[in-house]
Amino acid sequence: MRPGQRIGVREPADAVRDVLVLTVATALALTPLLPAYGSSAVLPALVGGVVLGATVTVVGALRRWSAVVVVAALVGAYALAGGALAAPTTTVGGVVPTPTTLLALARGAASTWKQVLTLQPPVGAGGTLLVAAHLLALVGTAAALALTLRVRRPAVAALAALVPVLVLVGAIVLGTRQPPVPPAVAGTALAVLGLTWASWRTGRWRPRRVVATGALAAVALTGGLLGGPLVVADEPRVVVRDEIVPPFDPRDYPSPLAAFRRLVKLDETVLLTVDGLPEGARVRLATFDRYDGVVFNVAGDGTAQASGEFRRVGDRIEVPVDGERARVEVTVGALQGVWLPTVGYAAAIDLGRATGDLRYNDATGGAVVTSGLREGMTYALDVVVPPVPGADDIGDAGAGPVVQPASRDVQAVSVAATDIARDAGTAVQITEAIAVHLAEQGYFSHGITDAGDHPSLSGHGAARLADLVAGDLMVGDGEQYAAAAALMIHEMGLPARVVLGFVPGSGDDDGEGVAPTDEDGAVEIRGRDVQAWVEVAFAGHGWVPFDVTPPRSRTPEQEQEETDTDPQPQVVQPPALPPDRVTPPDDDTEQPQTEDPAQDDSGLAVWLRVAAWVGIGLGGVLLLLSPVLVVLALKWRRRRRRRRAADPVRRVAGGWDEVVDAARDMGGAPPPAATRREAARAWALSLMAGHPAVAARVEALARRADRAVFAAGTPERSEIEAYWADVDAAVAELRRTLPWRGRVRSQASLASLRAAGGRQSRGPRTPRGVDGRPAEVPAGGRGAGGRASAPPGTTRRATRHGRSRRTRRARGER
């Protein structure tokens with residue numbers, strides 16, 4: 001038997017050994033995909049792909065099929081079995097493929113990879129997400145076995161040991177920070193298994209080399225396993241999904257809590273209809289746990305408990321709580337936006353055709369639809385509504401083990417919290433003291449003048465909350481009271497968050513009415529039912545809701561009427577004095593008065609002279625500083641022109657130009673012909689060395705500028721304003737990396753005014769086609785921001801090299 005011959009010539013035991021070794025190696029290389037999808041969701045797709053790939057390849061080798069026939073058989077197996085393994089929702093009975101299945105498999109082969117990388121793991125098995133894992137297992141197994149079973153030359157056939165390594169690289173790219181098998185262990189196992197099999201496959205395996213090979217492997221393993229951790233220390237693994245900006249970020253949208261008054265004004269308008277709502281259950285719209293001094297919003301800091309981490313989910317969702325289970329059906333009315341109303345914690349969400357746009361947050365039970373809500377949209381929820389424990393049930397339980405993002409402190413709110421809860425002992429007593437104080441001492445008003453409400457400003461910024469708790473009259477609605485209560489409770493060391501939602505029937509005058517129903521008995525939720533409340537996490541009880549808003553009947557007008565009805569004793573007032581009353585003289589005889597002596601002007605003259613000298617001194621200082629003031633004025637005018645550019649894309653590009661000019665004034669000119677990201681990375685190694693936070697912020701601005709310039713459509717006004725706010729903060733942090741003399745020198749520097757890069761924002765923007773997408777620009781043309789643009793699919797470096805080659809050919813050079 002000669003190694004490398006076909007399976008019909010080689011010994012069957014050798015071929016079986018090849019199949020087993022390569023199959024095991026490929027399966028080991030696929031393990032990083034388990035946490036990315038969830039083990040129960042991805043195992044059928046992985047096992048099915050390995051089995052199909054091995055079966056087709058072995059049968060093709062036994063029957064001596066050509067390579068074209070083997071590829072056709074693999075495509076047929078993918079089409080027939082891929083639906084059941086990777087897209088079961090498109091099949092009949094979860095097995096029989098349909099035309100929709102074939103279309104989903106074809107599209108998923110190209111689009112699924114990006115979806116897996118841009119979703120928060122575990123991504124689940126919804127849509128065609130499993131196609132990437134299934135194809136990696138199918139193609140990887142087939143390629144490894146076909147190479148060793150069909151190639152005659154042993155040296156070439158042994159290259160099949162590299163295929164599992166490539167599969168491992170692909171799985172790591174799609175994987176997470178914490179794979180089930182540590183990378184060092186998986187790589188070592190593949191190396192030992194692959195090298196041993198390859199040496200045997202080529203016929204170069206010699207028993208006398210076992211000792212030497214073992215010693216060499218032991219040295220390599222010891223150096224890798226012991227030296228590797230010393231080199232990387234505590235640095236986390238870098239994975240691709242952490243470097244890619246997800247396509248949906250709820251923080252890019254305005255906070256729904258800021259639209260509280262807009263929902264209130266839709267008083268009688270039906271926002272949604274809910275059928276099957278459990279008694280006493282509330283409808284959740286959004287949950288917020290991060291306060292920046294202006295609004296409460298979601299937080300997406302990468303932790304599992306972040307309210308901004310939304311992920312794609314499969315048919316079933318793991319519910320972290322116990323409670324009453326129900327089937328709820330919702331019909332959307334006039335409600336708009338991307339936030340999907342939910343009840344309790346969802347065990348399953350069926351949006352029909354819009355299921356692919358669903359993103360769910362396990363920590364809060366909130367959900368969003370990236371395509372937005374539309375009137376008449378219907379969906380079904382399988383929910384679990386946890387019971388609400390009372391104060392006696394909570395008892396002495398402390399704060400729940402929840403990590404929340406840092407929020408801005410409002411001094412007046414912090415002082416009020418300490419004063420209100422100073423006598424409280426346990427965590428629940430602290431919460432109830434704050435809730436009772438706000439509900440009983442405050443007054444209710446939406447501030448809608450057309451409805452005759454008492455004046456009450458909207459919003460929940462720091463100034464508004466300080467006025468609420470420290471002003472003469474504590475008046476507001478759920479938006480202000482919930483925000484203030486959350487900050488107070490958080491100040492006392494308890495995890496708290498604000499929830500915006502709907503309480504059916506709460507919009508009645510007494511706040512305890514019954515929500516109207518339609519003909520089928522479903523609950524109609526109107527604009528007046530919008531509410532905001534606070535949830536506090538207690539150890540062993542989870543998140544518990546607290547109502548902190550005063551009842552609607554407690555208004556300043558009603559309190560004033562009660563005060564006016566109290567009879568007051570009448571007091572006889574003295575008669576009014578006549579208007580021409582004459583004041584009697586102090587003495588019986590009037591004494592003649594002489595004219596007042598003239599005032600001494602000597603003091604005024606001194607002050608005039610002092611003011612004159614001060615004015616002269618200030619004039620001299622201004623004259624000396626005039627060059628610096630001119631430079632500052634020119635820079636202010638340049639910034640103003642960039643920020644007020646007519647084209648929204650140029651406004652974003654102008655924001656990035658501000659960062660470039662600041663770096664140039666600090667002595668960090670960007671590399672020639674560098675892209676925005678390349679410039680940011682170059683500054684990270686030079687200008688911002690030792691300041692990783694500033695470098696990360698600048699690189700994020702570069703990515704956002706590229707997305708605004710090269711993506712389809714134009715950025716919204718709110719996105720532009722947010723980008724400029726981040727630009728100002730980044731420039732300030734960048735300058736703080738210098739000593740104070742360096743900051744002054746950079747402010748007065750002429751480097752950015754002299755450089756052509758300081759005028760990039762006035763260059764022509766990227767041409768866009770009729771569909772809003774960037775049009776193709778020749779390699780020598782100009783793109784957005786005045787930069788040279790390369791054809792789609794080519795890099796800037798490749799374009800430069802291409803020009804140099806064309807130039808050499810035109811000159812007749814080699």
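Modeller: Ala 679 is found in helix 21, which spans residues 676-685. Helices here are DSSP runs of H or I with at least four residues, strands are runs of E with at least two, and both are numbered from the N terminus. The model is a predicted one, in which local features need pLDDT of at least 70 and side-chain atom pairs count only at pLDDT 80 or more, while totals for chains, interfaces and linings use all residues. Residues are numbered from 1 along each chain as its sequence is written, and side-chain values use heavy atoms, with hydrogens and water left out.

Ala 679 has a relative accessible area of 1% and is therefore buried; buried means under 20%, exposed over 50% and partly exposed in between, with a 1.4 Å probe and protein chains only. Leaving aside residues up to four places away in sequence, Ala 679 touches Pro 670, Pro 671 and Ala 674, where contact means heavy atoms within 4.5 Å. Val 660 is 19 residues from Ala 679 along the chain, and their C-alpha atoms are separated by 8.6 Å.

The loop between helix 20 (648-665) and helix 21 holds Ala 673. Phi of Ala 673 is near 60 degrees, a positive value in a residue other than glycine. With a relative accessible area of 44%, Ala 673 is partly exposed. Arg 64 also has phi near 60 degrees, again positive in a residue other than glycine; Arg 64 sits in the loop between helix 3 (39-62) and helix 4.

Helix 4 (residues 67-86) packs with helix 6 (residues 130-150) at an angle of about 150 degrees, their axes 11 Å apart. Axes are lines fitted to C-alpha atoms, for helices over the stretch in contact, and angles run from 0 to 180 degrees between N-to-C directions. Helix 4 and helix 6 are therefore roughly antiparallel, since angles over 145 degrees count as such, those under 35 as roughly parallel, 65 to 115 as roughly perpendicular and the rest as oblique. The residues of this contact divide into eleven nonpolar, two polar and one charged. Ala, Val, Leu, Ile, Met, Phe, Trp, Tyr, Cys and Pro count as nonpolar, Asp, Glu, Lys and Arg as charged, and the others, Gly among them, as polar.

Helix 1 (residues 12-29) and helix 8 (residues 162-174) pack at about 15 degrees, with axes 8 Å apart, and are therefore roughly parallel. Their contact is made by Ala 25, Thr 26 and Ala 29 of helix 1 and by Pro 164, Val 167, Leu 168 and Ala 171 of helix 8. By class, these are six nonpolar, one polar and no charged residues.

The largest nonpolar core has 87 residues, and those touching the most other members include Leu 272, Leu 351 and Phe 502. Such a core is a set of buried Ala, Val, Leu, Ile, Met, Phe, Trp, Tyr and Cys residues joined through side-chain atoms within 4.5 Å. Helix 17 (residues 478-491) gives the largest share of this core, nine residues. A second, separate core of 55 residues includes Ala 54, Leu 117, Ala 133 and Ala 142.

The chain as a whole has 26 helices and 17 strands. Of its 814 residues, 43% count as buried.
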